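Here is a short report on a protein chain and its RNA partner. Keep the structure open while reading.

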Amino acid sequence: MKIYNTLTGKKEEFIPEEAGRVGMYACGVTVYDHCHIGHARSAVVFDVMRRYMISRGYQFKYIRNFTDIDDKIINKAKQEGIAWDAVARKYTEEYYRDMDRLGVGRADVEPKATDHIEEIVEIVKGLVEKGFAYERDGSVYFEVEKFHGYGKLSKRDLEDMMAGARVEVDERKRNPMDFALWKASKEGEPSWESPWGQGRPGWHIECSAMSLKHLGETFDIHGGGADLIFPHHENEIAQSESYTGRPFVRYWVHNGFITVDKEKMSKSLGNFFTIQEILNKFDAEAVRFFLLSTHYRSPIEFSDEQLREAEASIDRYYTTVLRIRDFLSQESTKEKPGPDEKALSEMLGKFLDKFREAMDDDFNTALAIGTIFELVRMLNKYMDSRPSGSQAVELIKKADEMLRETGNVLNLFHRTPEEWYRALMAVKGIGLTEDDILARITERQAARERKDWADADFIRKELDEKGILLEDRKDGTGWKVRV
RNA sequence: GGCGGCGUACCCAAGUGGCUAAGGGAGAGGUCUGCAAAACCUUUAUGCAGCGGUUCAAAUCCGCUCGCCGCCUCCA
């Protein structure tokens, strides 16, 4: 299994520190506002990494934090006139609602910065004692020049950074690149007791403290959005390695951005879409599919058109699931092999390996999805030839199981076709109930039986205008939502 | 300015040295159908931004040019 490591800039064979066990820490969110689709991407990508590694038999421990104390939270609290911790609570709950809908599982530990003040203070104290940090006016700063590896993750050297530093000059810092480990708090701000007076943790230190506590000094995978490489992750390395004297993380993994008109989606540009906005227009599974249909490190251009294509793909999948189910529910006794039996059988023999190969190659979900659709086509082709008998049933059953297995890894395609159509009906705002549709189908069936094609076509057209497509099959008429 | 990435068909998107350049969407033609839809088949890149080079062999490696983007400040 290969993973691209930001630290080395190369795809590397993945070897966990301890055979069979993997520890992963992913930076979560600062809970001060609604999450946008970029947050969703990061969450979904790491969720799939976890699901895949578990499916490969690893014992997996996943930590994802919440930053629940920070300037932005304090500002938001002032704006809204509520307590800072109420802000954090509110957006934490919202985060869970969004992630649940996107099929993102809970991490094994979901630590909050404010629950780790003791550990944070301990580390800051240690860093001061070891001479990596200094105190000024109740704040403590990390002295970047004391850490020789500074810049190794983001591939820049200290002198270049200082030359082009756009950071505000802060007289208290020895070097403009020094960063706060502990911030003295102003009157009325949330604060905790510390050897340097009342204060609160800096942004980067919480991740060092929480990963150390829950995963140990050195762990396997640390991830987050590519915008965290500098300064956040660079600073984490500096703190953690200075404190423990040991390597911090073996594989650094970063996901690419979502773009709008080719530009990074971000709060400051105002070109972002919240997860809630998107889920009002598109089904959550389509959103998840969209996020996984491009390799995690590449940028993804966000657009309604892309989401619609994702829906179309999922619809194709469920249409095949429906056919599989119908096929298996038929009594078929006569052994009648299809002409593609051998080809299908061969494809099934290789399918899981191909899927695994794709995922083993730095979690290439786009390629993995491609292999799923190759099988979908083959299955349709095979069923088109109307095979029957135990041999055919066995093949289709086997294919069905394999599709379930790969779907589980991606956490896609786990609904019934009916659930999918109902969800589409809701999200597309179809002004009909399932009963309405079935009633019309019955009426149309009567018209068809008396060969009243005009009447039958009228009903088809009427439903079509409302976004419902009818499909006449041997054993009755089915319906689906037009994507 | 420093560092990094990207440019594959009408659109999206895999592919990082060697078999027919995945897959999805859209278009055209066909099979099937009372008509449709779905599905399947055929078709749409002798071609991978451009130009040179290395190699028996390049979308894939190297160089240059053009275009786009990201990080260097909070950011998934």
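In which helix is Pro231 found? Pro231 sits in helix α7, residues 229-244. Helices here are DSSP runs of H or I with at least four residues, strands are runs of E with at least two, and both are numbered from the N terminus. A cis peptide bond joins Phe230 to Pro231, with omega at about 0 degrees.

The model is predicted: local features need pLDDT of at least 70, side-chain atom pairs count only at pLDDT 80 or more, totals for chains, interfaces and linings use all residues, and side-chain values use heavy atoms, without hydrogens and water. Residues are numbered from 1 along each chain as its sequence is written, while chains are lettered from A and ligands numbered from 1 in the order in which they are written.

**The chain as a whole**

Chain A has 16 helices and 15 strands. Its C-alpha atoms fill a box of roughly 90 × 50 × 35 Å along the principal axes. Of the 483 residues in chain A, 53% are buried. Buried means under 20% relative accessible area, exposed means over 50%, and partly exposed lies in between (1.4 Å probe, protein chains only). The accessible surface of chain A is about 22,600 Å², and carbon and sulfur atoms hold 48% of that surface. Areas come from the Shrake-Rupley method with a 1.4 Å probe. Take the contacts in chain A with a separation of 6 or more: 77% of them involve residues 24 or more positions apart. A contact means heavy atoms within 4.5 Å.

**The RNA surface**

There are 54 residues around RNA strand B. A residue is near the strand if one of its heavy atoms lies within 4 Å of it. Lys72, Trp203, Gly225, Ser313 and Glu374 come nearest. Of the atoms of RNA strand B within 4 Å of the protein, 64% belong to sugar and phosphate.

Helix α12 gives the most, with nine residues. By type, the surface has 13 nonpolar, 19 polar and 22 charged residues. Here Ala, Val, Leu, Ile, Met, Phe, Trp, Tyr, Cys and Pro count as nonpolar, Asp, Glu, Lys and Arg as charged, and the others, Gly among them, as polar.

**The cores**

The largest nonpolar core has 107 residues, and Met53 and Ile468 touch the most other members. Such a core is a set of buried Ala, Val, Leu, Ile, Met, Phe, Trp, Tyr and Cys residues joined through side-chain atoms within 4.5 Å. Beyond its neighbours within four places in sequence, Ile468 contacts residues including Met425, Leu463 and Trp479. A second, separate core of 41 residues includes Cys27 and Val124.

Most residues other than glycine have a negative phi. Asp137 has a positive phi of about 50 degrees. Asp137 lies in the loop between β5 (133-136) and β6 (139-142). Is Asp137 buried or exposed? Asp137 counts as exposed, because its relative accessibility is 58%. Asp362 also has a positive phi, about 55 degrees. Its place is the loop between α11 (341-360) and α12. Asp362 is buried, at 0% relative accessible area.
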